[in-house]
Amino acid sequence: MDGAPAVLPLPLPLHNNNNNTPSSCTLNKRHTRTSTRANGAGAGGVTRDMVVKKEKEKRASFMTWTAEDVAHVAKFHWVPCLFAMGLLFFMGVEYTLRMVPSSSEPFDLGFVATRSLHRVLSASPELNTFLAFLNTVFVGMQTTYILWTWLIEGRPRATISALFMFTCRGILGYSTQLPLPQGFLGSGVDFPVGNVSFFLFYSGHVAGSVIASLDMRRMQRFELARTFDVLNILQAVRLLGTRGHYTIDLAVGVGAGILFDSLAGKYEESKKIPPIAATTITKDAFFT
């Protein structure tokens, strides 16, 4: 009839006996290699892969895991697995540990490990002063390198990172002012020079060294970077031995150096003007 829409016959599935393509649409396989359209090549056709994908999206992700997937994760992603075991271990430690009373000194594992060094430095003020002087020289090396990259080489990333880091350190250090550890061995030549007050959290000594070391690696100055890393470790041991920082101050200092170096890199990327945009801005400024 003229008013009734024409009914088109559905295309019959094509059978090919020369290959292994199944003639029926089975959706219970995890991996489908065919993408034959179920309803032809028209706009309303749905591929077999799309149907399988929709079926998977209806289920939770873990319901699609197999023993093969678990073995793959354990073999090729062993680092997250190791941290997962660490999470479970320290959950047990945290929930069963007796907390330090408010009337007692904080427990610091770094102080325990450097007891012998602390006794040596306490008995020899001259050695303590000499090591403090060497540490101040190392801080000067960090500062010189970071400023050199900006003023001489024209690369401001390390300087921007140091500015971010020390500003955040000042905010956090003032927000939570930790007590000076018992047995602190100060020196007039230690940085900051003159036995002035300083923030314990977190270590600017360590963070500044990390920032310099990361910049050296970007510039492929690997020998210099390794030298700074070794000196940074020796610096951390001395700071623990003199009770100049808690262990958490040093650990967060390492993380702060890495974090603010990354943020400085993102800041530089955000300030880069594409060549086309720069040309357009120049022309607009010229004709206005």
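In which handedness of crossing does helix 7 pass helix 8? The crossing is right-handed; a crossing counts as left-handed if the near helix is turned anticlockwise from the far one by less than a right angle, and as right-handed if clockwise. The model is predicted: local features need pLDDT of at least 70, side-chain atom pairs count only at pLDDT 80 or more, and totals for chains, interfaces and linings use all residues. Residues are numbered from 1 along each chain as its sequence is written, and side-chain values use heavy atoms, with hydrogens and water left out.

**View 1. The whole chain.** The chain has 11 helices and 0 strands. Helices (H or I, at least four residues) and strands (E, at least two) are DSSP runs, numbered from the N terminus. Buried residues make up 25% of the 288 residues; buried means under 20% relative accessible area, exposed over 50%, and partly exposed in between (1.4 Å probe, protein chains only). Among contacts (heavy atoms within 4.5 Å) between residues at least 6 apart in sequence, 74% join residues at least 24 apart.

View 2. An unreviewed UniProt entry annotates residues 78-97, 130-151, 158-176 and 196-214 as "transmembrane region". Such positions are given in the numbering used here, feature names are shortened, and annotations may be inferred rather than shown by experiment. Residues 130-151 are 100% helix and 0% strand, with end C-alpha atoms 31 Å apart. Residues 158-176 are 95% helix and 0% strand. Their end C-alpha atoms lie 27 Å apart.

**View 3. Helix 7 against helix 8.** Helix 7 spans residues 157-175, and helix 8 spans residues 204-218. They pack at about 160 degrees, axes 10 Å apart. Axes are lines fitted to C-alpha atoms, for helices over the stretch in contact, and angles run from 0 to 180 degrees between N-to-C directions. The two helices are therefore roughly antiparallel (under 35 degrees is roughly parallel, over 145 roughly antiparallel, 65 to 115 roughly perpendicular, the rest oblique). Helix 7 contributes R157, A158, S161, A162, M165, F166 and R169 to the contact. Helix 8 contributes G204, A207, G208, I211, D215 and R218. By class, the contact has 6 nonpolar, 3 polar and 4 charged residues. Ala, Val, Leu, Ile, Met, Phe, Trp, Tyr, Cys and Pro count as nonpolar, Asp, Glu, Lys and Arg as charged, and the others, Gly among them, as polar.

**View 4. F164 and its contacts.** F164 is found in helix 7. At 30% relative accessibility, F164 counts as partly exposed. F164 touches F260, L263, A264 and Y267, not counting residues up to four places away in sequence. F164 and L259 are 95 residues apart in sequence. Their C-alpha atoms are 9.8 Å apart in space.
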